[in-house]
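Please have a look at the model first, and then we can go through it together.

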Amino acid sequence: MVWPLVELVFLIGFIIYGILGLGFVAYPPVWGGGTTTAALCILHVVGTLWSIQFVRACDYTTTAGAVSYWFCTTNAERAGCCGGAARCCRGWAAGCGLPRVLDAAWTVVSRHMGSLAFGSFIMTAVQIVRLVLYAIHTATKKTGVEDRSYLIKLLFRCAMCAVWCLEKSIEFITTYAYVHVAVDGTNFCTACKDTFCLIIKYPAQTAVNSLLKRLLCGVLLGLSTPFIAAAACFLYLDSRDDFTVHHSPLYSAVFVFLISWFVAAGIANVFEAILDTVFLCAFQDMDQNSPPLYLSDSMRKALGVDSAHKEAGKSANYYVKTSERHQRAGNHGKVPAQADAEPPADAAHAGSAV
């Protein structure tokens with residue numbers, strides 16, 4: 001769990017840089033105020049937001065690259081009863097996966113920086129649009145324009161809601177696109193196209209995966225951990241009479257809440273990347289290989305791969321595309337003599353029963 005701390009250090013550094021830099025740029029005696037100061041402030045805000053999004057993209061793609069390697073190597077091994085212990089010990093001996101994470105980070109730095117910069121810039125552009133709308137909304141409220149016209153107030157509310165929905169949609173697509181970049185090695189635009197294909201082909205599974213991410217990582221880990229840590233700090237300090245005589249435990253609890261929230265957010269981001277990568281790798285394995293090559297026995301059982309094929313029987317091949325059946329049979333597009341003349345016996349009985 002060292003990698004989330006790396007992202008946390010970079011994020012805190014860029015946030016501090018953004019705040020201090022904005023104060024320096026906006027200070028009138030330095031730049032003289034006016035149009036130059038306003039333009040420099042806008043450029044500084046854009047650069048800070050872009051840097052924050054870029055750090056998040058690099059962290060997400062690095063984690064996805066390390067997990068995809070694990071999925072195709074260690075996870076694919078199907079040893080006996082002690083296979084899990086052997087894999088765990090080997091991972092511990094290798095530094096708890098840190099060398100693999102560093103290797104994935106080098107791959108991201110050397111090959112995918114352009115894709116991540118482009119994806120993070122798109123997220124930054126949407127955030128800038130939201131900030132501009134919020135600034136205009138605040139200005140109209142101060143001047144009283146919204147109070148005099150209900151239509152203008154409604155238009156601003158609708159525009160802000162639409163931009164928020166657009167930001168969440170782009171964030172959802174770019175998240176999976178980063179995983180595609182790490183797994184397939186494609187550029188950002190191709191990764192977005194593959195993400196759309198994944199959503200169209202598996203809409204229910206994608207929705208369930210997103211819901212589980214929000215519940216497990218967002219609620220259980222991201223929110224419960226800071227509240228529990230702050231409550232424990234407050235109760236402990238409140239029970240000490242020597243501390244409460246001169247200090248209030250509330251300030252310490254708030255400080256602990258902020259620190260634990262940053263740490264929990266970084267760890268939750270890692271778990272989200274793991275869930276997305278395993279989800280994508282599993283479905284790609286099932287699509288490209290029949291039977292799947294890299295799914296472990298536990299994953300095959302959890303996804304119901306063997307049980308579904310067993311229940312379908314010979315009818316499973318009947319409802320597959322003809323070209324795919326020929327490819328699986330090794331005919332390379334040549335149609336056998338009686339390949340599609342009649343369906344299997346169980347499919348024919350099912351049709352007659354209907």
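Is Phe283 buried or exposed? Phe283 is buried, at a relative accessible area of 10% (buried is under 20%, exposed over 50%, partly exposed in between, with a 1.4 Å probe and protein chains only). This is a predicted model, where local features need pLDDT of at least 70, side-chain atom pairs count only at pLDDT 80 or more, and totals for chains, interfaces and linings use all residues. Residues are numbered from 1 along each chain as its sequence is written, and side-chain values use heavy atoms, leaving out hydrogens and water.

**Aromatic pairs**
- Rings of Phe, Tyr and Trp (its six-membered ring) pair if their centres lie within 6.5 Å; planes under 30 degrees apart are stacked, over 60 edge-to-face and the rest tilted.
- The count by this rule is 9 aromatic pairs.
- One of them is Phe118 with Phe188, edge-to-face at 5.7 Å centre to centre and 75° between the planes.
- Phe118 is partly exposed, at 40% relative accessible area, while Phe188 is buried at 5%.
- Tyr202 and Phe283 form a tilted pair, because their planes are at 50°, with the centres 4.6 Å apart.
- Ring pairs join Phe172, Tyr176, Tyr202, Phe279 and Phe283 into a cluster.

**Helix H5**
- Helices are DSSP runs (H or I, at least four residues), numbered from the N terminus.
- Val101, Ala104, Ala105 and Val108 of H5 are buried.
- These residues lie on the same side of H5, because they cover an arc of only 105° around the axis (taken from the directions from the helix axis to the C-beta atoms).
- Trp106 and Arg111 are exposed on the other side of H5.

Key
Helix = DSSP H or I, 4+ residues; strand = E, 2+ residues; numbered from the N terminus.
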